[in-house]
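Student: I have a model open and want to learn how to read it. Can we go through it feature by feature?

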Amino acid sequence: MTSSWFQDPTLLAAMLGALLPFVSFAVIMVFTRPYPKLSATISVAAVSVSLICALSLLSRHWHLEQPIQYTAKWLVSGKLYLPFGFMLDQLSLLMLTIVAVISFLVQVYSLGYMAGDPGFARYYAFQSLFAWAMMTMTIAPNMLQFYVFWELVGLASYLLIGFYFEKFSASEAGKKAFVMTRFGDIAFFLGLLLVLLHFGNLNIVDLNSVDVTARMSPALITLSAILIFGGVAGKSAQFPLLTWLPDAMEGPTPVSALLHSATMVAAGVYMFARIFPFFSKSATAMTLFLAIGTITMLLASTMALVTRDIKQVWAYSTISQLGFMVMGLAAGSYFAGIFHLTTHAGFKALLFLCSGVFIHEYETNDFFEIGKYGGRGLKVPIVCMTLAAAALSGLPPLSGFFSKEAIMGGLAGLHNPIWLWAGLLGAFLTAYYSFRLIFAILFPKKIEEVHHEEHGGHGHGHGEDHHHAGIYWVMAWPLIILATVTLVLGFFHTPLENFLVGHHGGAEGHGGGHHAWLLYVAVGLALSGVGLAWLEFGRKGASQVGFVERIEPVKTLFAERWYIDHFYRLFLDYVIYGIFSNLFTRNDRRVIDGGIDGICRATVGGGRVLSFLQSGMLQYNLMVMFAVLALVALYFFF
Amino acid sequence: MNSLYTYLFLAALLFSLGIFGVFQRRSLIGMLIAIELMLNGASINFMAFNRFLAPDPIVGQIYTLFIMGIAAAEAAIALSIIVAVFRRLRSINIERAQELRG
Amino acid sequence: MEFANFPYLSAILLSCVVGLLVILCIPAERKMLIKWVSLVFSGIAMVLSIYLFITYDKTQGGLQFVERVLWVKSMGIYYFNAADGFNLPMLMLTGIVLFTGVLTMWELETRVKEFFAFTFLLVAGVFGVFMSMDLFFIFVWYDVSLFPMYPLIAIWGSTRKEYGAMKLTLYLLAGSALILPGILYLFVNSGLNTFDVVALMQPGVFTPFQQKFAFILLYLGFGILAGVWPFHTWSPVGHVAAPTAVSMIHAGVLMKLGAFGVLRVAIFLCPEGWQYWAQLMAVLATCGIVYGAFVGLAQTDLKYVIGYSSVSHMGIVGLGLATVTVDGLNGAVFQMFAHGVMTALLFSSVGYIYDKTHTKMIPELGGMSKIMPKASGYFILAALAGIGVPCLASFWAELLVFISAFKTYPVRGALAICALVVGALFMLRVVQRTFYGEKNEQFEHLPDVPFGLGIPRMILVAVIVFFGLFPSVMLDVIQVASVPFINGLP
Amino acid sequence: MNSVQSLIQPHVLAQIGFAGVVALILAGALIAVFPRSILYNVLGLIVCLTGVAGIFVYLGSPFIALMELLIYVGAICISIIFAIMLSRPLHLSLPKRRLPKVGLALGVGTAVFIMLSAIISRTEWQPAAMRSSDWSVTTLGTYLLTRYDLVFEVISLVLLVAILGAIIISGYARRSTS
């Protein structure tokens, strides 16, 4: 294997693409940390090589028949054989490309956004770490390798969320994210172990084959599917593990764009798709997933209705869209889920990167403030953001429209109409909150400080104008590219579907055209959402208070995230710390340690008693002597 | 009165009382007195055996005499020690005399 | 190979003993010379142990580098050293931790001579236990390694050092008080009049009852040193009290001595007793894992936290041993190695921070990442390894142990796996409180790890990452011993 | 009259006297052991020893009884009293009893008594086959100076040493404290 990897361009590309970021990470951490510029160059270079590799792989294998697999021994223990390798099929190629593209764009964008940060080199090291882990995970041929890099991705996320570690909230958010996803991952791991023990193999190809039903009972499949889905719920922030993601916005904005909207959180959905045939063998599990996706989507949408933080809005919308993808997949439309993942990666990254420009410019996260300061003056970002928000709302002819229609189609194919209605309600809410934000920036109540607007409008920040302009454009280019993608990606619907589903067959058939009425209903709902937002935020003299915000308890409920976090906090404080930790610690101090100390003290005390007898107390000596004498004599006489 | 057992039990009683005294007293002189009781118990034993069992009734008396001699010597020494200890410690409480311990 | 018969194992031992003697001959005032001598001899030991690990013939397997000399004929005591897949990782671990420990203590100024002398004595005992294949020598070396702990902690320690030292010594001696009868019981009942492990481990030497009886004695005896729950309380206290290098050697190597003793003596000689008691071992180990994690949550002293994480991680070793499977054994031995390196790194970074700030209370620290980025980096990396982040050495060990444990004892295995969440929570909590957040003004002027002191930490990091990326380098060696052993079980 | 006469019959008188002597011993011993004041103890001891002397008379040796009175009562008890008198505050300090200690001592004493009684009652006491009936003090003197000559000498030596020792100890202690 090692001798021939130079000759095989596919393998070479895969290896280079997946492993170069690791080299970059190691080099930065070990050698070039003191040199931020050099570190950034190394990292960007590595990720651009990855991008080139990914694109070449995609174009080379556009008409792929069979998955290509390369494996080498990673670990052997007894009968357990864990290979390390690459598996290239349609899905992984697509995902690889998405990851590479977004990583590349975000890293370029970060050149501007993060410029001058004291942790610049560290930032790029972590970015490289993430790129490596994510790509290697994407093309993993086997679920154990998948799990390994899945965890590494979580680590990168932890490090990047807590990037501004001086801030308590940031480190807290990082910890929360890690522990919460860990929670899901444990379920994932247990599920994998179940499969490993009963199926004996974790190769993705084998898992997706029909063999599984032959070797595992349906109940077992359901159980392991649900457990594995725990991983999805953790990583993709599905109910009930959804609250870490809004907090994760404490990280730098490009990180939010890359990890917490476009790629990493989509990893859960990707995993769902990865072993989609396995999951779909259990109807019970699929229904459960559908319910979870729906709940997640609606919960997150409601939360997004009331927040004033620009990043929070997109974070909630990410959760909600992830729920949408899970719904799509769980409804059985494999392609719809993937397609929405793809389009979502594009427009959501765009949304975050645009927000990043605003935040960078005005140093506030509150979009009402941004509007007041004249956010609409930043032409490129505001146009791009409006475009992306329209895509998010599912307005034609943007990419989101197509993918959302696909999912709606999938939902409409189900027997129970409740899922479809939930989906439509979600679409309406999505349109409403997206445009609530857009209108708040575009048509602020009053523009307070004109000079701010001018500064912003011309892209001149504080101080060095040229430099700043340079940074602005470094940050603007990725936006434009992503906006283009958002505009045109929807029209690649059919080629992508052919590419992806050509061989999966069966589960499909819910294209856009099957339910013509649905199309109009969905678009109509989205438009009405936009219209409502216009009424409340956009038109002249609008109150700028949403209909939800008028009802205080509901507003509080939404703003407090349905009290899920409070519940976790209480659980952690009372059950984990209060009961277990406290109890065990006391047990340790008092019972175990106390017992041992007690034994020691008893020994010492006993020694003291004995030494007392030897301490010149004649009387006691004699007493013992005579007592023993008497007893011995009595013993011998009777 | 003419039975060996009477005397032996009497001696045993005296000896046990002496032991009890030795253990229970906290003053050295009290202990000395108790020891004298024990010695007398032993003497009675000797005299009783002498009277009822021994082939030669002189030997027991001689032993008793020796015991008295030893007792006198013991009393002399013990009293002088007590006086010395008292001078040193200002007490004849035996529990205070723990400086003797090794 | 002209060196084929060179007594490498004795050479490792000798490098410690000669190092000890040379240090004793140097006047106490020449501190730098003493340090250099220690460095050279520990370096020799490390290089030799790594060399053995690399040159071990995996295709041939079995015992290699054998040295066997009859010592006392009437008792059948042999000076019998050999290396197999189980002890090679341990020897390498000891070498690495010794070398890095010596480097870590480079700035020691008080009683340098005695410190390094005791350290070498300790490590000589540890090497001896790991390489010896004779029960008598195992026991003797074992006690040799226990004795120096007392002065090392009581003289150079901190925080309640006399208490910690005394507690530790008493516990460990209690352990050896169980081991000695166990060994003698086996010796007497074998009827072979030999202490030779290889001769005694032949099937049929002991009846099942004898095996069960001896196993529980030996398991508890060695288990105390391995921190088996509920005999673990000496370990946090001892770790806290000990000076940095001693904590490193102690948590890194000495606790493995216990686990290794369970493997080499108890499991090797009493396989049926092992299978009989495995249920109990699994229960205790699971308790240790869960318990260590929860208690760790409530600690405020950095070293206590590490101490309890050690309890938790040694529970994983115990769980691996309790599964009676190849994976479990592999995982357990791998975990011993990985945990050794990881804890050494944790203690060495905490030691540095403590040296500079003179506190190891978590609430008093904070924001250390800003002040000492390197020291913090080392700690965070080690903490991540402890959480079981992939591509760091202990992940693989935990993976193997959990796979086998889940296979053998589903409920206990699942419980242990769930404890990982708590483990992550408490480690991250410590990292957050100590290294993140606002920096403490009072420590602002303190220097970060200088290059020289960074070397040992970098070595440890390199080892963790290397075996994390290439676990098969380690597993292939362990496999050679574990597969035949499990297959040979009755 | 008859009853009185019968009362003053010699063996009855002897019985009564014996009972009196035993009562004297027991009462004296109890007084010697129990009260906390040392002077009482000494007086009890004197009473007890007098009783013992009486017992010796009953055992057929008036000479030893006399010696008992002379040596014990006349010498030892008096010297104890002297010691008490000389070291003035001795009789004033009355250390309190400790109940557990008294209890323990009582237990041990009882145990010893039970043991002794058991031994006494369990043993078959066989008188010697040939018993001489020579109780004279002359023979005793002869024996002392012939057969037990060495022992006699040793006892004398012991006494001498004891006296010297007593003088040295008390003298030394006085010097060291003053």
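Student: At what angle do helix H2 (residues 31–55) and helix H3 (residues 87–104) of chain C pack?

Tutor: First, a caution: this is a predicted model. To read a helix pair, take the angle and the axis distance together. H2(C) and H3(C) pack at about 155°, and their axes are 8 Å apart. Angles over 145 degrees count as roughly antiparallel. H2(C) and H3(C) are therefore roughly antiparallel to each other.

Student: Which hand does the crossing of H2(C) and H3(C) have?

Tutor: H2(C) passes H3(C) in a left-handed crossing.

Student: Which residues of H2(C) and H3(C) make the contact?

Tutor: Start with the general idea. An α-helix has 3.6 residues a turn, so residues three or four places apart point the same way. Now the case. H2(C) contributes residues including C:Ser38, C:Ser42, C:Ala45, C:Ser49 and C:Phe53. From H3(C) come, among them, C:Leu88, C:Leu91, C:Gly95, C:Phe99 and C:Val102. By class, the contact of H2(C) with H3(C) has 14 nonpolar, 6 polar and no charged residues.

Student: At what angle do helix H14 (residues 326–357) and helix H19 (residues 451–469) of chain C cross?

Tutor: The axes of H14(C) and H19(C) cross at roughly 150° and come within 10 Å. That makes H14(C) roughly antiparallel to H19(C). Their crossing is left-handed. H14(C) supplies residues including C:Val341, C:Leu345, C:Ser348 and C:Tyr352. On H19(C), the contact residues include C:Pro456, C:Arg457, C:Leu460 and C:Ile464.

Student: Let's turn to nonpolar cores. Which residues of the largest nonpolar core touch the most other members?

Tutor: The general idea comes from soluble proteins. In soluble globular proteins, nonpolar side chains tend to be buried together. Here the largest nonpolar core has 440 residues. The residues touching the most other members are A:Val153, A:Ala349, A:Leu350, A:Ala388, C:Ala266, C:Val341 and C:Ile464. C:Val341 and C:Ile464 also belong to the contact of H14(C) with H19(C). A second, separate core has 84 residues, including B:Leu17, B:Ala84, D:Val52 and D:Ile64.

Student: What does A:Ala388 touch beyond its neighbours within four places in sequence?

Tutor: A:Ala388 is in contact with A:Phe347, A:Leu350, A:Leu351, A:Cys354 and A:Thr486 when those neighbours are left aside. A:Leu350 is also among the residues that touch the most other members of the largest core.

Student: How do I size up chain A as a whole? How many helices and strands does chain A have?

Tutor: Chain A has 27 helices and 2 strands. Its C-alpha atoms fill a box of roughly 115 × 65 × 55 Å along the principal axes. Of its 638 residues, 56% count as buried. Contact range follows. Among contacts in chain A with a separation of 6 or more, 79% are between residues 24 or more positions apart.

Student: How many residues of helix H11 (residues 253–262) of chain A are buried?

Tutor: H11(A) is mostly covered, with 10 of its 10 residues buried. Among them are A:Pro254, A:Leu258 and A:His260.

Student: Is A:Phe558 buried or exposed?

Tutor: Count the C-beta atoms around it; 20 or more within 10 Å means buried. A:Phe558 has 21 other C-beta atoms within 10 Å, so A:Phe558 is buried. A:Phe558 sits in helix H25 (residues 552–559) of chain A. Beyond residues up to four places away in sequence, A:Phe558 touches A:Thr302, A:Met303, A:Leu305, A:Val306 and A:Val548. A:Leu299 is 259 residues from A:Phe558 in sequence, yet the two are 8.3 Å apart C-alpha to C-alpha.

Student: Now the chain pairs. Which chains have the most contacts between them?

Tutor: Of the 4 pairs of chains that touch, B and D have the most contacts. That contact takes 74 residues from chain D and 65 residues from chain B. H7(D) gives the largest share of chain D's side, 13 residues. The side of chain D that touches chain B has 56 nonpolar, 14 polar and 4 charged residues.

Student: How many residues of chain A are in contact with chain D?

Tutor: 8 residues of chain A are in contact with 9 residues of chain D. The chain A side has 8 nonpolar, no polar and no charged residues.

Student: How far apart are the nearest C-alpha atoms of chain C and chain D?

Tutor: They are 34 Å apart, and chain C and chain D do not touch. No contact joins chain B and chain C either; their closest C-alpha atoms lie 26 Å apart.

Notes. Residues numbered from 1 in each chain as written. Chains lettered and ligands numbered in written order. Predicted model: local features only at pLDDT ≥ 70, side-chain atom pairs only at ≥ 80, totals over all residues. Contact = placed C-beta atoms within 7 Å. Nonpolar A, V, L, I, M, F, W, Y, C, P; charged D, E, K, R; others polar. Helix = DSSP H or I, 4+ residues; strand = E, 2+ residues; numbered from the N terminus. Buried ≥ 20, exposed ≤ 12 C-beta atoms within 10 Å, placed from the backbone. Axes fitted to C-alpha atoms, helices over the stretch in contact; angles between N-to-C directions. Parallel < 35°, antiparallel > 145°, perpendicular 65-115°, else oblique. Left-handed = near helix turned anticlockwise from the far one by under 90°. Core = buried A, V, L, I, M, F, W, Y, C linked by C-beta atoms within 7 Å.
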